[in-house]
Amino acid sequence: MDGIRNIVILTGAGISAESGIRTFRADDGLWEDHQVEDVATPQAFRRDPELVQRFYDTRRADILAAEPNAAHRALARLDREFDGGLLIVTQNIDDLHERAGATRVLHMHGEGLSAWCMACDARHRWTGTLLDEPSCPACGKQALRPDIVWFGEMPYRMDEIFGALARADLFVSIGTSGAVYPAAGFVQQAKSAGARTLELNLERSQGSYWFDESRLGPAGELVPAWVGEVLGG
Ligand SMILES: [Zn+2]
């Protein structure tokens, strides 16, 4: 693709769904029979830490059991072979982009395989459980919580994301409805900075209006085809 020097990609639940990872459903806000407000807010964690820790212990196990799919592998190929600027911003908390081989990945909603110490602010890669209140490897206190951006908390590294959007020639949204801010604002930001905008999604979304082009279908088919176009075959 001629003239493309800086690409920003936003990925969402749709890309991981094809690896069997579930998330909150848009229609009823349920995830494994839990309401968003019961397991994914700071208030929920204060009210019932055991429920929240058990919920994320299960999510962590789900992540470890899942495998990257063709869409993750295609983006890893793009990361390897595209010599311009690239930032893969993901709303997903799994590590499937990284396990496929991508390195230029930013987790705006945190990481399932990370634990965050509320006592000393250290973050640790975490593959075990937190329900049993393990000690922080840095300070020894039993103050670890999932390193997840809950509803009502500020997404991570927004300055970096908006900086990349301001430089982007091309913004691509993959597997996300685009209806929830701040991610919904990314396409508008990219457009106002002069970028072309492309949506790859299973179905038309509430955000489709903002995109120059929408391609509909499974990420596992659309993403490898698109990456082939960018890299020229
Ligand atoms: Zn600590």
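Helices and strands here are DSSP runs, a helix having at least four residues and a strand at least two, and they are numbered from the N terminus. With that in hand, let's find our way around this model, which is a predicted one.

Start with Arg157, which you'll find in the loop between strand 8 and helix 7. What is phi of Arg157 near? It's near 55 degrees, a positive value in a residue that isn't glycine. Glu133 gives you another case, with phi near 50 degrees, again positive in a residue other than glycine. To spot Glu133, look in the loop that runs between strand 7 (123-125) and strand 8 (144-148).

Together with Asp48, Glu50 and Asp132, Glu133 gathers in a patch of negative charge on the surface.

Now for the metal. Which residues hold the protein donors of the zinc ion? They are Cys117, Cys120, Cys136 and Cys139, each giving its SG atom, and they lie 2.3 Å from the zinc ion.

Last stop: charged pairs. Side chains of opposite charge can pair when their charged atoms come close. How many salt bridges does a search of the whole structure find? The search turns up 14. One to look at joins the side chains of Arg5 and Asp169, at 3.8 Å from N to O. This pair ties together distant parts of the chain, as the two residues are 164 residues apart. Arg5 sits in the segment before strand 1 (6-11), while Asp169 is in the loop between helix 7 (158-167) and strand 9 (170-174).

Conventions: Residues numbered from 1 in each chain as written. Predicted model: local features only at pLDDT ≥ 70, side-chain atom pairs only at ≥ 80, totals over all residues. Heavy atoms only, no water. Patch = residues over 30% accessible without salt bridge, like charges linked within 9 Å, V, L, I, M, F, W, Y side chains within 5 Å. Areas by Shrake-Rupley, 256 points an atom, 1.4 Å probe, with all protein chains shown as cover. Salt bridge = Lys/Arg side-chain N within 4 Å of Asp/Glu carboxyl O. Lys, Arg positive; Asp, Glu negative; His and termini not counted. Charge placed at Lys NZ, Arg CZ, Asp CG, Glu CD. Donors = N, O, S within 2.8 Å, 3.2 Å for Na, K, Ca; no water.
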